[in-house]
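Here are a few notes from my pass over this one, for when you have the viewer open.

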Amino acid sequence: MPSDSFFFSIVRDPAALARSAFSYYKSTSSAFRKSPSLAAFLANPRAFYRPGARGDHYARNLLWFDFGLPFPPEKRAKRGNLHPPRDPDPQQLQVLPSGAGPRAQTLNPNALIHPVSTVADHRSQISSPASFDLGSSSFIQWGLAWLDSVFDLVMVAEYFDESLVLLADALCWGLDDVVGFMHNAQAGRKQDLSTFSNTGLTAEDQQLTARARAWNNLDWALYVHFNRSLWARIEKYGQRRLQTAVAELRARREALAKHCLAGGEASDPKYITDHRFRPFQFGSAKVLGYILRSGLSPQDQEECERLATPELQYKDKLDAKQFPPTVSLPLKTSRPLSP
């Protein structure tokens, strides 16, 4: 890619990711397949998880894996030691619930690794991981610094709209360039295993959250780091300015949903008869999709189709646009040279 390319990515709370991955990859991961429930898996993950086993990369530190970072060697935990060690002065992660205004909350990460914010200049040289103990926090700091050197922006799924506003600002786009509909949402799914505050969560859910973050300790280090960098960026952007932009983005999305969609919201896939808009169904949960309203103008139809098209079908559209099929032309007959 050209040297001035803009790279961005996204992270998600490992607790929410664990819930989603267990449901979606139940038949793919041997660790998940052998476990009767997520609670049973997180209560004793090493009874099910085997490093290198087929599909088990879905079962631990999936964010770290997706970023292509190397893994430290497996260290078998003492039996029954499922909780991270207590830190006498644990770092606090300051968060602001999406759309909640200036009322900040704090979270004790209660994780195996308490990462320290790392800032790396985009042109700086990052040391090789070979110089670190792969089981140490220095190794994790190397991974975070390397990602900082590569990505111009890392979004946070739990603050998706805020992240979209920052993305639009960084790329000099308008909000209409980043407005869209949610895809790949599971029917009936609530953020009951993530959220930053324990308010409203049962004791069991709180325990699941803590265990999921501890088991996925590398992902938790990533998440804490990029949550901090996102909110540092928000502070520079201005929280009042951000709140205004987020409200505008959500109002635009709601208006498009009412205009484009039958019922104004996502639908159960069993009602989606048009294969162009039916999302791929995999795992144990239903993945919601969209049905377009009838009677749309040709221009509105095109815009609404783009917004409602699932990722796999959308990729096919992009492939066809970027790599159009070649048309075979008849070969020209060479004219003989004059003597």
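1. Starting with the pairing: helix 6 and helix 8 cross in a left-handed sense. Bear in mind throughout that this is a predicted model.

2. On the geometry, the axes of helix 6 (residues 160-170) and helix 8 (residues 217-237) lie 11 Å apart, and the packing angle comes out at about 60 degrees.

3. Who makes the contact? From helix 6 you'll find Glu162, Ser163, Val165, Leu166, Asp169 and Ala170, and they meet Leu230, Arg233, Ile234 and Tyr237 of helix 8. Sorted by class, this contact of helix 6 with helix 8 holds 6 nonpolar, 3 charged and 1 polar residues.

4. Now the cavities. How many of 30 Å³ or more turn up in a search of the whole structure? The search returns 1. For the largest cavity, the volume is about 110 Å³.

5. If you want to centre your view on the largest cavity, pick Ala18, Tyr58, Ala59, Arg60 and Asn216: of the 16 residues in its lining, these are the closest to its centre.

6. Which helix gives the most to that lining? Helix 1 does, with 4 residues. Helix 1 spans 14-24, and both this helix and helix 3 (38-43) supply at least two residues each to the lining of the largest cavity.

7. Arg60, one of the residues closest to the cavity's centre, falls in the charged class.

Methods
Residues numbered from 1 in each chain as written. Predicted model: local features only at pLDDT ≥ 70, side-chain atom pairs only at ≥ 80, totals over all residues. Heavy atoms only, no water. 1 Å grid on protein atoms, 1.4 Å probe; cavity = no way out; pocket = protein on both sides within 12 Å on 5 of 7 lines; lining within 4 Å. Points joined across faces, edges and corners; volume = space filled by probe spheres on them. Axes fitted to C-alpha atoms, helices over the stretch in contact; angles between N-to-C directions. Left-handed = near helix turned anticlockwise from the far one by under 90°. Contact = heavy atoms within 4.5 Å.
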